[in-house]
Amino acid sequence: MSMHEHTDEMAELAEKIFAFARHRIALDPIPLGTARTEEELAALCGPTITAEGIGGEAALRCFVDVLNESSLSVDFPRYLAFVPAAPTESSVLFDLVVGACSIFGGSWIEGAGAVHAENEALRWLADLAGLPEGAGGVFVPGGTVGNLSALVAARGHAARRRDRPDRWAFLASSQSHSSVKAGTDVMDADIVPVPVGDDLRMTGEAVEAVLDELGDAVAGVVATSGTTNLGLIDDLRGIGTVCRERDVWFHVDGAYGGAALVAPSARHLFDGLELADSFIIDPHKWLFAPFDCCALLYRDPTQASAVHAQHAGYLQFLRQWGDWNPSDYAIHLTRRARGLPFWFSLAAHGTDRYGAAVQTTLDLAAAAADLIRGAEHLELAHEPSLSVVVFRRLGWDADQYTDWSVRMMRSGEAFVVPSRYLGEPVLRFCFVNPQTTVADVELIIDALR
C-alpha cells in the first residue's frame, strides 16, 4: 500500500497526533524536560529507521515518551537562558495548518495568499521601525540567515557604487551577535571592531573615526538594537546619520531586542532605527511565534533582489506573475511560509495584546532587578536593559555557577546558565515569556543562597 494513501489506520494516527498536540499546548505547568546522552537515547528508543518501518503509533510513542521528554521546553516559564520563546497557542495551532497545506512560499504564483498575509505582518513590523512605505522583505529561518542576507545586499550596494577593494570590511562592535562574524566569514570579508565606551554601546562618532581610516573598503555598518548578552541598544541615530552622510549601508540587528518596539514605554530607545537600510527581528524570540521565524526588512527591497534573485530557464515563468517573489530577498529559493503562524496570531489577538505582553516582561525584568538589589548574596553586574538582567552570586567561581545551573536543570526547577560580563562569570536572566512570574524569580533567587 502506498504511504501517500489516506487509510483508516492513518486517520487513527492523525487523531492520536492531534490529541498529543492539544495536550501539549494546554499543559499547565509545562515541564522543563531533561537532556539525555546519545547512549541513553539509543538504549531507550532502539532502532527507529528500518527497512519495513516501525509503524506510526510506535514512532509516535517513541517521540512522546522519550524524544520529547529528552528535549528542553523553551516555553517553560523558568527557562531564562539564552533567548527563550513563548509561542501563543494560536500560532502553534496554525503551524500545524501551514504544514498540512503544503504551500511553497518562495514565489507569488505558488503562494500568493500566504505571501500576502506574510507581507501584512512584515508591514506592521516595518511601521514599528519607522521604515518608509516601499520597505519590505521576507521571513527567513533565523537571525544568522537574516544578517548574512542583509550583509550580502550591503556588499552588492557598495560594489555598484565604487571599486571593489581586495577585501570588503564591515564595522560592528564587540557586543554584536556571533552571527555577524559568521556571516563575514562566509563572505570572505573582514569584521572590524568599533571601540565602545564604558556603557558598551557603539556610537556614531566611533563609527565615523573607523570609516575615516578604512574609507571605501567598508561595505556596511552593523548596529545592534538589543544585544543578546546585555540587551544594549547602540547609538542608532548617530550611526545612521554617519552612514547616510557617507553612503554606507546601515544594518540593524534587532533579532532579540527589536520586539520591544511594540511596548510604548521602550519605543524611544530605538530612535534612529528609521534610518536603517536593513533590519532583522525574530518573532520566534519575543513576539510569540514558533520556531523558526526571522523577519528581514529592507528600506529599498530592490537593493536586495539585485543580488539575491536567482535566474534560470525554469524560473522565468515566475517573473510573469505578481511582483513579489520572497525568494528574491534572501539567501534561499525553497522556503516554507514560516511567517504565517506569526501572522495568524497577530490577526487573531490584535497588536494591542502584543504590546501588553511585551510590557509584562519588561516590568518583570525591572522587578527581578529590584529583588537582586535586595538580596545579600547577589549583586547586579549591569543595570538592566530591555528584558535582560545580569548579576553575580557573590563568592562564586565559574565552576560553582556551572554546577548550580546543571543541578537546577536536572531537578526541573529552572534553566539559567552562566554568561560572561567584562571577563567574569555571571548569571543572566532573559525574560520573554509573559507567563513567567515574580514568584518564579523569587524561587531561583532563593535557590542561589
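Where is S107 found? S107 sits in the loop between α4 and α5.

This is a predicted model; local features need pLDDT of at least 70, side-chain atom pairs count only at pLDDT 80 or more, and totals for chains, interfaces and linings use all residues. Residues are numbered from 1 along each chain as its sequence is written, and side-chain values use heavy atoms, with hydrogens and water left out.

**View 1. The whole chain.** The chain holds 15 helices and 11 strands. Helices (H or I, at least four residues) and strands (E, at least two) are DSSP runs, numbered from the N terminus. The C-alpha trace spans about 65 × 65 × 40 Å along its principal axes. Buried residues make up 51% of the 449 residues. Buried means under 20% relative accessible area, exposed over 50%, and partly exposed in between (1.4 Å probe, protein chains only). Of the contacts with a separation of 6 or more, 71% join residues 24 or more positions apart. A contact means heavy atoms within 4.5 Å.

View 2. S107 counts as buried, at 1% relative accessibility. Not counting residues up to four places away in sequence, S107 touches A112, V115, L318, N325 and P326.

**View 3. R335 and its partners.** R335 lies in the loop between α11 (301-308) and α12. R335 is buried, with a relative accessible area of 3%. Its side chain makes a polar contact of 3.0 Å with the side chain of E118. A polar atom of the R335 side chain also lies 3.0 Å from the backbone oxygen of F139. R335 and F139 are 196 residues apart along the chain, yet their C-alpha atoms are separated by 9.0 Å. Leaving aside neighbours within four places in sequence, the contacts of R335 include I103, F104, G105, G106, V138 and P326.

**View 4. Helix α12 and its cover.** Helix α12 covers residues 340-349, and its buried residues are L340, P341, F342, S345 and L346. The cover over these residues includes α4 (89-101), α5 (108-129), β1 (136-140), α10 (283-286) and α13 (351-373). G350 follows α12, with a positive phi near 85°.

**View 5. Two cis peptide bonds.** The bond from D28 to P29 is cis, with omega near 5°. P29 lies in the loop between α1 (8-25) and α2 (38-45). The bond from F291 to D292 is also cis, with omega near -5°. D292 lies in the loop between α10 and β7 (294-298).

View 6. F82 has phi near 50°, a positive value in a residue other than glycine. F82 lies in the loop between α3 (56-67) and α4, and is partly exposed, with a relative accessible area of 48%. Phi of L386 is near 55°, also positive in a residue other than glycine. L386 lies in the loop between β8 (378-385) and β9 (388-393), and counts as buried at 10% relative accessibility.

How values were computed
Polar contact = N/O pair within 3.5 Å; in protein donor to acceptor, adjacent residues only side chain to side chain.
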